[in-house]
Amino acid sequence: MSEFVFKSELWTAQYTGIKANTLASFARAIEEVDDDTIYYHLYRNLFEYHFMPTEYGNSFAYWLAENGYPVLAEKFSSVDLMECVCLDDIRKEMVQILRETAEVSDKLCKPFHFIRAVRKTIDVGLKARNIQEFKEAVQTVGIHSLFYHLVTSRLVRCHSSNDFAIWLEEVGEERKAKQINSLDLMVMSLHEARRIILDILES
Amino acid sequence: MIEEYERYVGRGTLEELKALARQLKGVKVLHVNSTKKGGGVAEILYRLVPLMNDLGIDTSWEIIKGDQEFFSVTKKIHNLLHLPSGDGISQKELLTYMKHTYENVSYIDTDPYDVVFIHDPQPLGLIIKKKNGQRWIWRCHIDVSTPEEETWKFLEMFVNGYDAGIFHIPEFVREGVKIPSFIIPPSIDPLHDKNRELEDHFIFGVLEKFGIDPYRPIILQVARFDRLKDPFGVISAYRIVKRRLDCQLVLAGSYASDDPEGEEVYREVVETAGDDDDIHILNLPPDSHLEINALQRSATVVLQKSIREGFGLVVSEAMWKGKPVIGGNIGGIRRQIINGVTGYLVNSVEGTAFRIKQLLSGEKERSRMGRNARERVRQSFLITRHVKDYLMVIYSLLKS
């Protein structure tokens, strides 16, 4: 049976120096900023607020709403972060939303500060060689690690399946793999996700 | 020591911190600031330095020396950066700053360290000691986005010598800063007297001591007596609420003996409160951590109706105690409160009164928001997250 190595990703925030104070400059920045900046504003928010029902799903959407663009805010908030397999796809989707809008683009807004995630993957020192060990590790690891295996590493590999699903499939647990791969982290907390995964592994 | 935090953040998070720290084995870190006691910076370092050592990062803490004249100049610099008004800095004051900087250059040995954190503007000039291969970081705890120009020009030559800066929020970064700017908010320590769990009888004792009725709703604002904290707006909001709902208002804060403006504001607040027995204005000694903790725990609703704030960490302190906080829609307060989820952001006296009434009337809503508030702090504003961020900055500067 192949071994599953549990990893985690930690990050901190770095200001890019890029600031937008109109919808037009915001749209330009979305096209120009690096992937780690897109990652910060979409996925770090998903991680940071995973446990509570916020009005919008990311800081782009909050800024748009606050500056009088409620339709755009809803559309940005609804970008399906679990469906997209690549940061570039998400960027394209956001650019498309902005291109389709008929909103006034040169109205002066409160500035939006673009921030980049400075990311580091670490080995958390846990390995699983069978389902029992896998279950025990899922129970113990921090939520950064869960987030890494369910969301982040998938984006790095531009793959539609998350790490847990890929390993479970490799070890012949296709049904469990499918169930875990269909978890929607946009509507549940990482604590809930952990509980559901443990239930699936138990079943 | 780090193990004590497991019950707040979980075993997995501690293991992640340890794994990150292992990658920095052998790195020597120095923190330098201007005081060992008093103020938010010293409070954080007091706990953060031992935690970094406990994680295996050899970390020291030094404070700069200076006489009253030097610290008057640095206080003026602080004010000119944060809230520019009145005269700029004089040539004589610049000379005083440089003279003491050179004295501290020979007094503080920074050579043995790989990474040096310099906190705030007081020790900023020590950068002239930087050796090749070292990484120096300016940890700026104040808003320098709109400083007095001449003062900033003087400090900028030092700032640009650093390898990186760290600011609480991006809005606090001065436009045109040439060094990489990390964004790291401050944090609270759940084990500090300000935040640790308290027995009910202690909380009741504190309320009794100040003549506050524990069985009637309490609206609380903890803040020094300063116009920027808008104590007068808080009293006005309370009076609107009081027309309809029974409640008490507690304004707890302090002013230093060398702060004539604080004393003046305190007197005006007392005068504004008049003979309302349900307004309690408490001028407490600065180390009244347990009393403030007890007041926050007994509050029904907590306010932080500031007009301007550094970061306003007192918001997180109340949120950690499961309280919904109604805060001014500004700076660091906006970063802590999620409007409608962990509390409310407000822009006016009337808006404040409206939200107080909503929260006083809805126990379910208060509990829901209070639970969200505590989780928000657990996720983003505890000291363990702060340590992780510092380790990440060190890693990115040394290893990337």
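Select helix 1 and helix 3 of chain A: helix 1 passes helix 3 in a left-handed crossing, where left-handed denotes that the near helix is turned anticlockwise from the far one by less than a right angle, and right-handed that it is turned clockwise. Helices are DSSP runs (H or I, at least four residues), numbered from the N terminus. This is a predicted model, in which local features need pLDDT of at least 70 and side-chain atom pairs count only at pLDDT 80 or more, while totals for chains, interfaces and linings use all residues. Residues are numbered from 1 along each chain as its sequence is written, chains are lettered from A and ligands numbered from 1 in the order in which they are written, and side-chain values use heavy atoms, with hydrogens and water left out.

Remain with this pair. The axes of helix 1 (residues 23-32) of chain A and helix 3 (residues 59-66) of chain A come within 12 Å and cross at roughly 170°; axes are lines fitted to C-alpha atoms, for helices over the stretch in contact, and angles run from 0 to 180 degrees between N-to-C directions. Helix 1 of chain A and helix 3 of chain A are therefore roughly antiparallel (over 145 degrees; under 35 is roughly parallel, 65 to 115 roughly perpendicular and the rest oblique). Display Leu23(A), Phe26(A) and Ile30(A) of helix 1 of chain A with Phe60(A), Trp63(A) and Leu64(A) of helix 3 of chain A, the residues that make the contact (heavy atoms within 4.5 Å). By class, this contact has six nonpolar, no polar and no charged residues; Ala, Val, Leu, Ile, Met, Phe, Trp, Tyr, Cys and Pro count as nonpolar, Asp, Glu, Lys and Arg as charged, and the others, Gly among them, as polar.

Next, colour chain A by domain. Domain 1 comprises 4-8 + 123-202 and domain 2 comprises 10-116, with bounds from an automatic or database domain assignment. Their C-alpha centres lie 27 Å apart. The area buried between domain 1 and domain 2 of chain A is about 1600 Å², of which carbon and sulfur atoms give 74%; buried area is the accessible area (1.4 Å probe) that two parts lose on being put together, summed over both. Select Phe147(A), Leu155(A) and Met186(A), which supply 37% of the area that domain 1 of chain A buries against domain 2 of chain A, more than any other three residues.

Now show both chains. Here 31 residues of chain B are in contact with 33 residues of chain A, and the buried area is about 2600 Å². Glu16(B), Gln379(B) and Met392(B) supply 24% of the area that chain B buries against chain A, more than any other three residues.

Proceed to the domains of chain B, namely domain 1 (2-187 + 382-399) and domain 2 (200-380). The C-alpha centres of these two domains lie 30 Å apart, and about 1300 Å² is buried between them. Highlight Tyr8(B), Ile169(B) and Leu382(B), which supply 35% of the area that domain 1 of chain B buries against domain 2 of chain B, more than any other three residues.

Finally, select helix 8 (residues 231-242) and helix 13 (residues 349-361) of chain B, which pack at an angle of about 50° with their axes 8 Å apart. Helix 8 of chain B and helix 13 of chain B are therefore oblique to each other, and their crossing is right-handed. Among the residues that meet are Ala237(B) and Ile240(B) in helix 8 of chain B and Ala353(B) and Ile356(B) in helix 13 of chain B.

Definitions and conventions. Helices (H or I, at least four residues) and strands (E, at least two) are DSSP runs, numbered from the N terminus.
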